[in-house]
Amino acid sequence: MENLLAYRTLCGITGALLTAAGLACFAGFFRAQAPGGDAGGPIPLGIGGVYFLAFTGCALVGWGGALLGAARQPRATRSAGTATALALVMMGVYRIAAWLLGDYAFLGDLLRVEAAVL
């Protein structure tokens with residue numbers, strides 16, 4: 001029973017964080033499109049980048065919602081947490097690979113920090 005509680009807690013927290021990040025990305029698109037708006041941050045986005053930022057935000061909200069559903073009914077959606085763990089590990093791996101390649105040196109330690117968080 002403790003494992004089920006830990007799974008529900010992990011899915012709930014991760015789902016809430018992904019949903020919040022998704023909403024922030026979605027709002028970032030509209031902030032960049034506002035008159036005099038800027039898509040500030042460590043990565044220069046341009047018009048295509050802010051469009052992709054909104055798309056990413058929508059996907060994160062959907063993913064976070066799926067995890068929140070898994071937190072409510074963990075036995076019905078057992079694969080949601082496993083798929084999330086795999087995806088987060090893959091995100092960390094490609095960030096480390098990008099950092100090692102050196103093509104993204106202008107980002108500084110951002111990729112290493114992101115990989116550690118993921």
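Okay, let's start with a pair of side chains. R95 and E114 come together in a salt bridge, with 2.6 Å from N to O. That pair ties together distant parts of the chain: R95 sits in helix α3, E114 sits in helix α4, and they are 19 residues apart. Before I go on, please keep in mind that this is a predicted model.

So, are the two partners buried or exposed? R95 counts as buried, because its relative accessibility is 14% and the cut-off for buried is under 20%. E114 comes out at 27%, so that one counts as partly exposed.

How many salt bridges does a search of the whole structure find? Two. The other pair is R112 with D109, whose side chains meet at 3.2 Å, again N to O. Here R112 is partly exposed at 37% relative accessibility, and D109 is partly exposed too, at 43%.

While we're on charges, let me give you the overall picture. The protein has 7 positive and 5 negative charges, and the mean positions of those two sets lie 16 Å apart.

Now let's step back and look at the fold. What does the secondary structure come to? Four helices and zero strands. Reading from the N terminus, the order is simply α-α-α-α. If you put a box around the C-alpha atoms along the principal axes, you get roughly 50 × 35 × 15 Å.

On contacts, take the ones between residues at least 6 apart in sequence: 65% of those join residues at least 24 apart. As for burial, 28% of the 118 residues count as buried.

T84 is in helix α3, and it counts as buried because its relative accessibility is 5%, where buried means under 20%. Which residues does T84 touch, leaving out those up to four places away in sequence? T14, W63 and L67.

I43 is in the loop between α1, which covers 2–33, and α2, which covers 46–72. With a relative accessible area of 37%, I43 is partly exposed. Here's a distance you can check on the screen: the C-alpha atoms of I43 and L5 are separated by 38 Å, and the two residues are 38 residues apart along the chain.

Y104 belongs to another loop, the one between α3 (78–101) and α4 (110–117). Y104 is partly exposed as well, with a relative accessible area of 39%.

To wrap up, here's what I'd like you to look at in the structure. Then find T84, buried in helix α3. Happy to take questions.

How values were computed: Residues are numbered from 1 along each chain as its sequence is written. This is a predicted model: local features need pLDDT of at least 70, side-chain atom pairs count only at pLDDT 80 or more; totals for chains, interfaces and linings use all residues. Side-chain values use heavy atoms; hydrogens and water are left out. Helices (H or I, at least four residues) and strands (E, at least two) are DSSP runs, numbered from the N terminus. Buried means under 20% relative accessible area, exposed over 50%, partly exposed in between (1.4 Å probe, protein chains only). Contact means heavy atoms within 4.5 Å. Lys and Arg count as positive and Asp and Glu as negative; His and the chain ends are not counted. The place of a charge is taken as NZ of Lys, CZ of Arg, CG of Asp or CD of Glu. A salt bridge is a side-chain nitrogen of Lys or Arg within 4 Å of a carboxyl oxygen of Asp or Glu.
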